Amino acid sequence: MLSIPHALTGFVIVKTIEIYVPNTGIEFLWQDLTFWLIAAPFSSLSHRLLDNINENGLSTKEQTNYDAIPHLLIYALAVFTGNLEAFAKGSLTGNFPDIVDKKGYIAIFYRRIPKLKKAIDKIIAKNNWISKVAKYMTEFSYYMHSKKPPIMNPSPVTTKIIGVVSAILIVIILIKT
Ligand SMILES: [Zn+2]
């Protein structure tokens, strides 16, 4: 699954909980608690479920044009519609296992810039604290990702369509809420 469908699911979960969990008066703390205790875990778990739909056959350029760039544009729209916090919470938690796995998306450039991987690996190996964090993060993302192969293997075109439809749905929610 590309990052936009994961962001859509996370955003819907965060928004739903913000709207339907009743306010208590201690609004700030309450919203934080409902986010960390309900929305964030559900959103991260939705990732594992959604990854049953594979994303294959897309080139790095297609992933950039159909996923990375529209995702960034949606962030810009979220700023203008005053939904940045809710969208960022949904997008970051919905994509959390991949963010950990791809080292904050730096790893997607490894194939094109092999030197980058070497440089990052060197930084990790050199610093005891960073290498410890990296080790735990790797373990964590291992458990956050299913060990079974994906159930559905859509064609590259279908993968693109899923991305575009998800993007449109996010835009509608951003504008309407
Ligand atoms: Zn994933």
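Tutor: Let us begin with a definition: a crossing is left-handed if the near helix is turned anticlockwise from the far one by less than a right angle, and right-handed if clockwise. By this rule, the crossing of α1 and α4 is right-handed, whereas α1 passes α8 in a left-handed crossing. Helices here are DSSP runs (H or I, at least four residues), numbered from the N terminus. Residues are numbered from 1 along each chain as its sequence is written. This is a predicted model, in which local features need pLDDT of at least 70 and side-chain atom pairs count only at pLDDT 80 or more, while totals for chains, interfaces and linings use all residues.

Student: What is the average pLDDT of the protein?

Tutor: On pLDDT, the predictor's confidence in each residue from 0 to 100, the protein averages 88, and 96% of the residues score at least 70. Confidence is lowest in helix α7 (residues 128-144), with a mean of 84, and highest in helix α8 (residues 156-176), at 96.

Student: Why are α1 and α4 called oblique to each other?

Tutor: The axes of helix α1 (residues 3-20) and helix α4 (residues 84-94), which are lines fitted to C-alpha atoms over the stretch in contact, come within 7 Å and cross at roughly 130°. Angles under 35 degrees count as roughly parallel, over 145 as roughly antiparallel, 65 to 115 as roughly perpendicular and the rest as oblique, and therefore α1 and α4 are oblique to each other.

Student: What makes α1 roughly parallel to α8?

Tutor: These two helices pack at an angle of about 30°, with their axes 8 Å apart, and that angle makes α1 roughly parallel to α8. The residues of their contact (C-beta atoms, placed from the backbone, within 7 Å) include Leu8 and Phe11 of α1 and Ile170 of α8.

Student: How do you know that α3 is roughly parallel to α8?

Tutor: The axes of α3 and α8 come within 11 Å and cross at roughly 0°, which makes α3 roughly parallel to α8.

Student: Why does Ser59 count as exposed?

Tutor: A residue is buried if 20 or more other C-beta atoms lie within 10 Å of its own, exposed if 12 or fewer, and partly exposed in between. Ser59, in the loop between α2 (27-50) and α3 (60-80), has 9 C-beta neighbours inside 10 Å, so Ser59 counts as exposed.

Definitions and conventions. Axes fitted to C-alpha atoms, helices over the stretch in contact; angles between N-to-C directions. Contact = placed C-beta atoms within 7 Å.
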